[in-house]
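Student: Hi! Could we talk through the packing and the charged pairs in this one?
Tutor: Happy to, let's have a look.

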Amino acid sequence: MKKILAGIVVILLAAGLGAPFVNGLLAERQIRETFDKVNKMYGDTGFGITVEITRYDRGFSSSEMEWKVNAGKMAALYGVKEWLFLNRMKHELTGVVAETTLTKNPVYMDFINQKLAGKDPLHITTRYSLTGTFETTTTLDAFAITEEGETVQVKPGRIRATSDKHLKHFFYEGTWDGLQVNDLATMEGFSIKSDLEMASLYLWDGYATFAIKGGRVEDANAPFSFSNLKMDCTSKYDKERNILSGKVEYGADSLSVGDKKVENPFVRLAVNGLNAKGYVEFMQQYMAAISKVMANAAATTEDPGQMEKILEQQMAQVGMQLMVSAEKLMTKGLEFQISDLRFKLAEGEVNGGLTVSLKRDMTMMQFVPLANQPALALDIFELKSHLSLPKQLLGDSPMFFEPAFPGMQTGVFVAKEQRAEHQAETKDGKLLLNGKEVQLQ
């Protein structure tokens, strides 16, 4: 029995001593596989962005890796062809821990040495587990920069990102205390949280939330400030129905510009029933077109001002080229929605909403007859809208309360005491405005 126990102890000790080496092997394989997946992902965008391992020295209990991100066609926009990274990794019993620095980049190091007295405020730690998942924690130390008499104080921050080994499920959460520019401007209390599942490069399930506790900009003419600004984004992909839906919600406790103040503003924007296949095709063509534009601009000039003009001109052409692809998105059930719009002004409260949806599949050419036959819109669209606001916001002009053309029986608004009210909807093949039918010619 003693010999058996002794043998077990020896085996466990050998396994424990050899674990760092084995974990180093597993981590290298995982990292190389991850880079291949990232390159495949970025390759689908057409921008030529790639990640590349330039050196990997694996030891028994530690390793060192140099790698870079090639900016591809985006280099023309940002003026940087590549970013260099150095990973120093420790092999542990349950995985590998890597510390990453950007000190191989001359531009970055010049900034650190000249502006921050050689102290790097950025710390990146990645933990690779035996299951193939990894978690990266990035922390930012507080630092200050002075330029032309203005001091920018950057406050500390931290963000944690995790992913599964397939690069399909991503989770992020982070906080940043903000920044301050002398007494001219401040921003504080930034936070982010998201949980996203990737079905494909352009199709995602999940949510992302962004919030800023407060901020202000001192301006002699129109000082600006806000409190508890928040944005929530949600995406839903229904694979069985081939439908993509998404919504964005904006809200705040207050917004102020000069002596004008908006309290508790909120609005929800949504797109429902978007044809997922058509959306992917549209995005693929859009990214291909943008990639071509970036390449043309880079080949034409290195002057940033001239490049901007070229980009503007070519982007207008891209818009025309994508019209055909956009037709694939105009399918029955496609719905655009502005809902729960509300805010409070000194004059009173404002609230409203709008929903427009397609009743059948459409092409661009099928919209053309609407210019001469607006009644055809009743066969194409479903509409519902409402808006209520203080009457004084519309001023003294009667144009909002009187029919704009013979087919209308009321104005866009009707007066109810001190408020202006609007309601419109399509129902039973008719357009009703404030409860009265509108005769469309």
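**Cores and charged pairs**

Student: Leaving aside neighbours within four places in sequence, which residues is Phe-47 in contact with?
Tutor: Phe-47 is in contact (heavy atoms within 4.5 Å) with Ala-71, Gly-72, Lys-73, Met-74, Met-287, Ile-290, Ser-291 and Met-294, once neighbours within four places in sequence are left aside. This is a predicted model, where local features need pLDDT of at least 70 and side-chain atom pairs count only at pLDDT 80 or more, while totals for chains, interfaces and linings use all residues. Residues are numbered from 1 along each chain as its sequence is written, and side-chain values use heavy atoms, leaving out hydrogens and water.

Student: And how many residues are in the largest nonpolar core?
Tutor: That core has 27 residues, and Phe-47, Leu-203, Leu-244, Phe-282 and Leu-358 have the most contacts inside it. A nonpolar core here is a set of buried Ala, Val, Leu, Ile, Met, Phe, Trp, Tyr and Cys residues joined through side-chain atoms within 4.5 Å. Buried means under 20% relative accessible area, exposed over 50%, and partly exposed in between (1.4 Å probe, protein chains only).

Student: Which helix gives the largest share of this core?
Tutor: Helix 4 (residues 276–300) does, with nine residues. Helices (H or I, at least four residues) and strands (E, at least two) are DSSP runs numbered from the N terminus. Apart from that core lies another, of 25 residues, including Ile-112, Ile-124, Phe-134 and Phe-143.

Student: Switching to charges: how many salt bridges does the structure hold?
Tutor: There are 20 salt bridges, each a side-chain nitrogen of Lys or Arg within 4 Å of a carboxyl oxygen of Asp or Glu.

Student: Which residue does Lys-68 pair with?
Tutor: Lys-68 forms a salt bridge with Glu-52, with the closest N and O atoms 3.9 Å apart. Lys-68 sits in strand 2 (residues 62–70) and Glu-52 in strand 1 (residues 50–58), so distant parts of the chain, 16 residues apart, are linked. Lys-68 counts as buried at 18% relative accessibility, while Glu-52 is partly exposed at 35%.

Student: What about Glu-135 and Arg-160?
Tutor: Their side chains meet in a salt bridge, 3.3 Å from N to O. Glu-135 is in strand 6 (residues 134–140) and Arg-160 in strand 9 (residues 157–163), so the pair ties together parts 25 residues apart in sequence.

Student: Which residues are linked in a network of salt bridges?
Tutor: Arg-55, Asp-57, Glu-64, Glu-66, Arg-88 and Lys-104 are linked that way.
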